[in-house]
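Welcome, and thanks for taking a look at this one.

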Amino acid sequence: MTAQDARQYAPATERNREPILEVLLQELPKSGTILEIASGTGEHAVFFASRLRDFLWLPTDVNPQLRASIIAWTEHNVCDNIYAPQYLDVREPVWAVENGEFDWLSRKPIVAIVNINMIHISPWSACLGLMAGAGRILKAGGILYLYGPFKQGGEHTASSNAAFDEYLQAENQQWGVRNLDDVVAVANAQNLTLKQIYQMPANNLSVVFQRYA
């Protein structure tokens, strides 16, 4: 199998990548490294990196097959500001990007963390780990960007989201559409404040947090 053969496809990517890019262009700092958590197939990574040329993009995923897909997409798109995907489990107390392994991060520090469609298809401990890591890594003014479906005020915002929630919990009782108030509370505990909420396609939200001193 060639690297190009390893490319995987997520149908939702083509539908949401342009709206997500519009939000990122509004919310990201001017330059630096963007750490993407749970990069999945890599389609988002190559799309955003090729359009955010003032940034370095560092994709990560726990799944080796998805990391292979990210490599294949990167080679297919010949994108020179995206790094090789790394293993990163947000639940670990220290992430690889914190241990000095990547010396270039001292020159281009992580200024933003991007996480698309993860916290509803992972245990709640993953959301806790994500917030803890963002609190450790981001400096004052740094951005944490989340995308996905959320409950607001404890209620689903659309019948399709309620049905999706039932499906997720049938697949794994630890999964499910999260209540945004709970996510915000966890973020606040890690010195991350809610900056902005954007309505997105298919009843999803872009939720932007900012690290404060």
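The largest pocket holds about 990 Å³ of space. Of the 36 residues lining this pocket, those closest to its centre are Ile-116, Asn-117, Met-118, His-120 and Ile-121. Some background on the source: this is a predicted model, in which local features need pLDDT of at least 70 and side-chain atom pairs count only at pLDDT 80 or more, while totals for chains, interfaces and linings use all residues. Residues are numbered from 1 along each chain as its sequence is written, and side-chain values use heavy atoms, leaving out hydrogens and water.

A pocket here is an open set of points on a 1 Å grid over the protein atoms alone, with protein on both sides within 12 Å along at least five of seven lines; a cavity is a set where a 1.4 Å probe fits but cannot get out, and lining residues have an atom within 4 Å of a point. Points are joined across faces, edges and corners, and a volume is the space filled by probe spheres set on them.

**The pocket and the cavity**

Helix α1 (11-27), strand β1 and helix α5 (159-171) each give at least two residues to the pocket lining. The largest share, four residues, comes from α1. Helices (H or I, at least four residues) and strands (E, at least two) are DSSP runs, numbered from the N terminus.

The count of cavities of 30 Å³ or more comes to one. The largest cavity is lined by Asn-115, Asn-117, Met-118, Ile-119, His-120, Leu-146, Tyr-147, Gly-148 and Phe-150. Strand β4 (residues 143-148) gives the most to this lining, with three residues.

The table sets the two spaces side by side. In it, Ala, Val, Leu, Ile, Met, Phe, Trp, Tyr, Cys and Pro count as nonpolar, Asp, Glu, Lys and Arg as charged, and the others, Gly among them, as polar.

| Space | Volume | Lining by class |
|---|---|---|
| Largest pocket | about 990 Å³ | 19 nonpolar, twelve polar, five charged residues |
| Largest cavity | about 50 Å³ | five nonpolar, four polar, no charged residues |

**Strands β1 and β2**

Strand β1 (residues 32-37) pairs with β2 in the parallel sense over five bridges; pairing asks for at least two DSSP bridges between two strands.

Strand β2 (residues 55-59) is mostly covered, with five of its five residues buried. Buried means under 20% relative accessible area, exposed over 50%, and partly exposed in between (1.4 Å probe, protein chains only). Phe-55, Trp-57 and Pro-59 point one way from β2, while Leu-56 and Leu-58 point the other way. In a regular strand the side chains alternate between the two faces of the sheet.

**Cysteines and other buried residues**

A search of the whole structure finds zero disulfides, a disulfide being a pair of cysteine sulfur atoms within 2.5 Å. Cys-79 is buried at 8% relative accessible area, and Cys-127 is buried at 1%.

Phe-102 lies in the loop between α3 (64-77) and β3 (110-116) and counts as buried because its relative accessible area is 11%. Phe-102 and Cys-79 are 23 residues apart in sequence and 19 Å apart in space, C-alpha to C-alpha. Leu-21, in helix α1, is buried at 8% relative accessibility.
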